[in-house]
Amino acid sequence: MRTLRFLLQKEFRQIFRDPSIIRIIFMMPSIQLLILPWAADYEVKNIQLSVVDHDHSQYSRQLVNKVTSSGYFQLQDYSGSYSNALQQVEHDKADLVLEIPADFEKNLIRDNESTLFMAINAINGVKANLGGAYLRSIVQDYNREVRAKWVQLPRFSPEVQLEVTSSNWFNAAMNYKLFMVPGILVVLVTMVGSFLASLNIVREKEIGTIEQINVTPVKKYHFILGKLIPFWILGLLILSIGLTIAWLAYGIIPVGSLLVIYTFAAVYLLAVLGLGLLLSTYTSNQQQAMLLSFFLMMVFILLSGLYTSIDSMPVWARAITKVNPVTYFIDVMRMVVLKGSGLKDIGPHLLTMLGFALVLNSWAVLHYKKRS
Amino acid sequence: MTTNNIAIQAVELTKRFGDFTAVDAISFEVKKGEIFGFLGANGAGKTTAMRMLCGLSIPSSGKAAVAGFDVYKQTEQIKRSIGYMSQKFSLYEDLTVKENIRFYAGIYGKSDAFIKEKTAFLLKELRLEAEASKLVRSLPLGWKQKLAFSVAIFHEPEIVFLDEPTGGVDPVTRREFWNMIYQAAESGITIFVTTHYMDEAEYCNRVSIMVDGRIDALDTPAALKRKFEARSMDEVFLKLARKAKRSGD
């Protein structure tokens, strides 16, 4: 144990003497949590709309007014020819074209019916989909208004109409920050846990001090514990800083207990530290470790359900998310922060994570050689 | 502790990497308190041989005992009995002089009282008292090397392995460094040293010269010069090294 004390003392001295590590500990969570949640928002706004109005009637103007005042659309262009509008799309200035035919008003009044045409720029699939849907629902709304105006006394509606009302549970205002912040926190903890730790060990390989340690009586498990413990503490520290920022900047206070979050994080960090250790045994310099880390982080983030729903992934991709530790922590964070899940609810995830920790660490220890 | 006066004994010690035989059945003995020079061109297999003796590398075949302990089974005991200074500078540059000493002494299990007392003595000897709380990074190379050597023998090992300890160091510092080696040898520490400087070979009690993984010559510097009809160790080395088929790295 005395040996471990000396190793830990040395490790903490080095960590807190390195200005770049201090920066990472405090700047990384601040920047990521203060900036990313604003950008990582699925809501589509500022859709550039190009209106082709052949009618120039009161009704057509009312419709355009309604669309532009919805807050989702920006009127990019109001012209009289479709080819002109298409040009706007081609130059990437417009996302949507709404064509109002001549006689729009006349048909509406005379035949009780009129048609509109909508052309969507589908290069950005999400924007196209949502933009089209928004526009459609605004037009429907408009339709209802017109009808309400014509039927003066709203006694019995001549047509049967089904309307669905919904209530959003756990995130009533559908606030994306509430959804993203816990996820981004997980990414932060993962980066510190696995990549900072692996870089640290590989650095010792690179400068040759690991060889010096290897000729001393320091045991393998001493050395590994000496590396794991500081980064485990560092990971929990980052999590605490992150949770504080989430509270101060976004007013996010976990519905569930902090104890549950920390319990899971403690086990989770063991798993990712094992991964970091494993990475360091397979690389011999910091460049290799860095590249491998980038690659893994990319896979981890995109296949974790942070940005996209896992349920909509193909079966094989869903299988990968199952062996991605990040998936579980993000899930747990969202469960606890939004829904207030307790230890019992996250039990299966906790067990899985214990499994991860066990497998990754044993693999790393077996592969870490003091002798060649 | 060993019972006889042999510090290191190697018999037919061999290391193969695939088809390549880095160290080819070398046999030698190093006596206690001796300064043993381990010479050879780049790529001759010196470092590999040394790594096997330090317990960093498992031999392919042959036998060896260091401080009376077997290199296959008793590596942990060997590590307790030796000091090692590698080619690469291996103190922590982001720790201070004092912290480095304390760390390495600590992981060898030395008591706080021992560390405190000996650190003070050592800093005085090295005239590093003023730099004790400075980062090792800020020291000149010569001082770093002297400090690294002092750290390698701080825990009072039986044997110390020095892998090209004076590479890149100026002649004056080199001289001082060898004075430290002599002092250590006088206190009973066996010195096993590799070097490329032939004037340093002259300082050794006995010298072995490795060529292509084998030991081609082993004797006192004087006897070697007589045998190869050479005026200096430089000539002896050139005569032997020219036979080498392997190219240096």
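Which residue of strand 3 of chain A is the bridge partner of A:V51? The legends below take up this and other details.

**View 1. Pairing of strand 1 and strand 3 in the predicted model of chain A.** The bridge partner of A:V51 in strand 3 of chain A is A:L98, and 5 bridges join strand 1 (residues 47–53) to strand 3 (residues 96–100), which run parallel. Strands are DSSP runs of E with at least two residues, and helices are runs of H or I with at least four, numbered from the N terminus. This is a predicted model in which local features need pLDDT of at least 70 and side-chain atom pairs count only at pLDDT 80 or more, while totals for chains, interfaces and linings use all residues. Residues are numbered from 1 along each chain as its sequence is written, and chains are lettered from A and ligands numbered from 1 in the order in which they are written.

**View 2. The open sheet of chain A.** Its 4 strands follow the order 2-1-3-4 with mixed pairing, where two strands pair if DSSP finds at least two bridges between them. Strand 2 (73–79) and strand 4 (117–120) of chain A each have a single partner strand and stand at the edges, so one side of each lacks a neighbour in the sheet.

**View 3. Helix 9 of chain A and the residue that follows.** Helix 9 (residues 220–250) has 31 residues and reaches 44 Å from its first C-alpha to its last, close to the 45 Å expected at 1.5 Å a residue (the expected span being 1.5 Å times one less than the number of residues). A:G251, whose phi is positive, near 65°, follows helix 9 of chain A.
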